[in-house]
Amino acid sequence: MTDVDRQTQLAREHRERQEQRGKNTGGGGTSKRNTIIGAGVGVVVVVGGIVAATTLMGGKDDAKPGAAAASTPSASVSAAASAPAALPSSTAEPAAGSCTYRKDTSGSPAKKVGMPPSKPDLKAKTMTIATNQGTIVIQLATAQAPCTVNSFEFLAKKNFFDNTRCHRLATPETTGLGMLQCGDPLAKGDGKSKEDGTGGPGYMFDDENLGGIGLGRGTVAMSQASEDANSNGSQFWISFSDENTQLAAQGAAFTPFGVVVKGMDVIDKIAKGGIIPFNGDPMADVRGEGSNAPKLPVIIKDVKISR
């Protein structure tokens, strides 16, 4: 099968999946929550140095060729000297005072610790992630994404993230995006497990703050398959490249809920360390067959939400 034939087949399969899934349902079987342009999440086909992006998010199935990322890993990481010092002003309206969390019936593997309270805590200000590679501090967009922040506070109190591995490192050279993805409680992060990227907390909740914060360097956002809008769980990604702004520009439904205010040097170090290609093939990540893991293992030791 040629690359073009493969691209056409994946786009067709994507449309068929969309026809079978309701926007707010949890059904449809397990799927990776990779925030990428990749099979089942959107398709990237690399042919002769050209990246053809298909279905960047659900409902956009026409291929849109664009120039391949030419930056080296070091150039990608050093695109900006530091992360934003504070949250940018948001045009998104604060969400309602009540949150709805629903059971994940997709059959995805889960570490169940219960459901967050429906009334969000609007006092949460920062999230501190302690890892074996260093500490990352995130200023939270509590007013604009209260249900997302409420979920993280709940999971943090349950020690949900303790001793979990960040399973995926996407780089501009392989996926056209630059991000570290974490939050799958069962991930092995070894570049071998097909299940990496499918795990969650056993519940889902809707998108928030879409368009409220750009998805460039320093942004922290939720991970979900683009054809499964409103299926947020526990997985999230930290952007280390302004390449990711293309997602927001195309209206991708990835909830941004904070920015890194301390620890971008930690993310940069991880990014510069390179990837473990999934089963030796970095393009398997692009095709949605598995996740390229960070070569420097990233283990979350603890997550704390401060007021």
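Author: A cavity is a set of points on a 1 Å grid over the protein atoms alone where a 1.4 Å probe fits but cannot get out, and its lining residues have an atom within 4 Å of a point. The points are joined across faces, edges and corners, and the volume is the space filled by probe spheres set on them. This is a predicted model, in which local features need pLDDT of at least 70 and side-chain atom pairs count only at pLDDT 80 or more, while totals for chains, interfaces and linings use all residues. Residues are numbered from 1 along each chain as its sequence is written, and side-chain values use heavy atoms, with hydrogens and water left out.

By this rule, one cavity of 30 Å³ or more is counted, and the largest cavity holds about 30 Å³ of space. Its lining is made up of Ile-129, Thr-131, Ile-136, Cys-166, Leu-180, Cys-182, Ile-238, Ile-267, Val-298 and Ile-300. Two or more of the lining residues come from each of the strands β5 (126-131) and β9 (179-182), where strands (E, at least two residues) and helices (H or I, at least four) are DSSP runs numbered from the N terminus. Sorted by kind, the lining has nine nonpolar residues, one polar and no charged; here Ala, Val, Leu, Ile, Met, Phe, Trp, Tyr, Cys and Pro count as nonpolar, Asp, Glu, Lys and Arg as charged, and the others, Gly among them, as polar.

Because Cys-166 lies in the loop between β7 (164-165) and β8 (168-170) and Cys-182 in strand β9, the pair ties together parts 16 residues apart in sequence. Cys-166 counts as buried because its relative accessibility is 3%, and Cys-182 counts as buried at 2%, where buried means under 20% relative accessible area, exposed over 50%, and partly exposed in between, with a 1.4 Å probe and protein chains only.

Just after α5, Gly-274 takes a positive phi of about 85°.

For the setting, the whole structure contains two disulfides, and the other one joins Cys-99 to Cys-147, their sulfur atoms 2.1 Å apart. With -90° about the S-S bond, the link of Cys-99 and Cys-147 is left-handed, and both cysteines are buried.

The loop between β8 and β9 holds Glu-173, which counts as partly exposed because its relative accessibility is 32%. Its C-alpha atom is separated by 9.7 Å from that of Pro-282, although the two residues are 109 apart along the chain.

Key
On a 1 Å grid over the protein atoms alone, a cavity is a set of points where a 1.4 Å probe fits but cannot get out, and a pocket is an open set with protein on both sides within 12 Å along at least five of seven lines; lining residues have an atom within 4 Å of a point. A disulfide is a pair of cysteine sulfur atoms within 2.5 Å.
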